[in-house]
Amino acid sequence: MQRFASAHCGLLLQSIVVVCCIFTPAFIGCQKAPSENAKVAHVAPAKTTYPVSEASLNTIELTEDAVRRLGLETQPVVERSMPRVRTYGAEGMLPAGASVIVSAPLAGTVRLQQDQAMLSPGQRIEKGSEILQLLSMLSPERDVLTPAERIRFAEAKNTIAQSQNDAAGQVHQSQVQVEASQIALDRAERLLKDKSGTIRTVDEATAQLKLAETSLEAATARKAIVDGIRLDAEAGTLQPIPITAPMSGILRSVQVQPGQIMAAGSAMFEIMNDATLWVRVPVYVGDIDSLELTADAQLSAPGDRSTSDRVSVKPINVPPTALALASTVDVYYELPNDGSKFQPGQRLSAQIRMKGEATTVAVPWSAVYLDVYGNQWVYEKTGDRTFVRRRVEVAFVADGWAALNHGPSPGAS
């Protein structure tokens, strides 16, 4: 009986445990679900307080006071007939004969004037001013010459006389060349007038005349220097020879120092006259027939957008030059250079007119703005004081107006 009772109690406990295990999940599933208000709301990591559309970034609205202070003016986009121009790269250069090298007329020692500063390249000098002094190879510190020195003095006089004769002969030869070049030019102009000659013959004759005139000027300057030599044979002393500037200009180079012994004909210094420059414009050969090469051209610095700084230059006739590898021929213009505003070798931008005119959409050039990337823009007035920035593409600029390839439609303000 005891064994039966113990077994019965064990079965009863197992049944109770099974019942509890069955009802426990049911009890849990019967619990009330949490409400929606109890859920945790999702928080964004960032938000835009004042959203701005990209299209409105180019729109500017000014106040009445700002418009008045800025003095803004508007003009409509118009279609107008404009002279066509084409832009080329150009280079400033010295004309033929604008650079002169002054040489020692005879052997001697270089000396400066009293209290004169040493010459330096870049110094501006005037025509006729004394630049250096040249003493003969005879000693300038002794007044009485020995017999040997008198022989050398006679040789120096003979050398000077020969130099004077040579200088006079060069002047005469240059004068004959000038006269012959003038006759050739007159003949070429008469043949061209009679329609028996060519323009090229006239240009070549003109160039030869200019070269002959330049040679005459150099020969005359050398003769003036040689004729200025004075030797006082009776007193037995030698006077210093003044070396003067043959023309006004800038010292380009100085090859001597005080106390230096110079041989006859050695270069002493070089002077360049930059009062007038030539402008060389390489033009593609395919554009020659479409350009008005007899009209004035407009010069400015590369990338310069200011129309007020452009300089008008006239075409000139010089010996023709070309570059076969680039398929270009050179067109030359004369540039007045008062105040040395332009330098020889400086890069320039030249606008050459094309034949005929074209009707195109245009805006005032003063209304075009450039950003840091070189893009071109205008501001279009869309409201009373509202302006919208519009991109444009300028084809060329003439007479203060910019011809547009792309931009606002005609009538826009």
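Helices here are DSSP runs of H or I with at least four residues, strands are runs of E with at least two, and both are numbered from the N terminus. With those rules, the protein has 4 helices and 22 strands. You are looking at a predicted model, in which local features need pLDDT of at least 70 and side-chain atom pairs count only at pLDDT 80 or more, while totals for chains, interfaces and linings use all residues. Residues are numbered from 1 along each chain as its sequence is written, and side-chain values use heavy atoms, with hydrogens and water left out.

Let us begin with the whole protein. A residue is called buried under 20% relative accessible area, exposed over 50%, and partly exposed in between, using a 1.4 Å probe and protein chains only. A contact means heavy atoms within 4.5 Å. Among contacts with a separation of 6 or more, 74% join residues 24 or more positions apart.

Now step inside. In soluble globular proteins, nonpolar side chains tend to be buried together. A nonpolar core is a set of buried Ala, Val, Leu, Ile, Met, Phe, Trp, Tyr and Cys residues joined through side-chain atoms within 4.5 Å. The largest one has 25 residues, and Leu132, Ile243, Met268 and Phe269 have the most contacts inside it. At least two residues of this core come from each of strand 3 (99–103), strand 6 (130–136), helix 4 (199–227), strand 9 (241–244) and strand 12 (267–272). Beyond its neighbours within four places in sequence, Leu132 touches several residues, including Val110, Leu119, Ile243, Met268 and Phe269. Another core lies apart from this one, with 23 residues, among them Ala98, Ile250, Met272 and Val283.

Next come the aromatic rings. Rings of Phe, Tyr and Trp (its six-membered ring) pair if their centres lie within 6.5 Å; planes under 30 degrees apart count as stacked, over 60 as edge-to-face and the rest as tilted. The structure holds 2 such pairs. Trp278 and Tyr332 make an edge-to-face pair, with 6.3 Å from centre to centre and 70° between the planes. This pair links distant parts of the chain, with Trp278 in strand 13 (residues 276–284) and Tyr332 in strand 17 (residues 328–336), 54 residues apart. Both Trp278 and Tyr332 are buried. The pair of Tyr369 and Tyr379 is also edge-to-face, because the ring centres are 6.1 Å apart and the planes stand at 75°. Here Tyr369 counts as partly exposed, at 46% relative accessibility, and Tyr379 is partly exposed too, at 36%.

Finally, follow the chain around strand 17. Which loop holds Ala326? Ala326 sits between strand 16 (322–323) and strand 17, and its relative accessible area of 39% makes it partly exposed. The C-alpha atom of Ala326 is 7.9 Å from that of Tyr284, 42 residues away along the chain. Ser327 belongs to the loop between strand 16 and strand 17 and has a positive phi of about 55° although it is not a glycine. Asn337 lies in the loop between strand 17 and strand 18 (347–364). Is Asn337 buried or exposed? Asn337 counts as buried because its relative accessibility is 2%. Leaving aside neighbours within four places in sequence, Asn337 contacts Asp274, Ala275, Thr276, Leu277 and Phe342.
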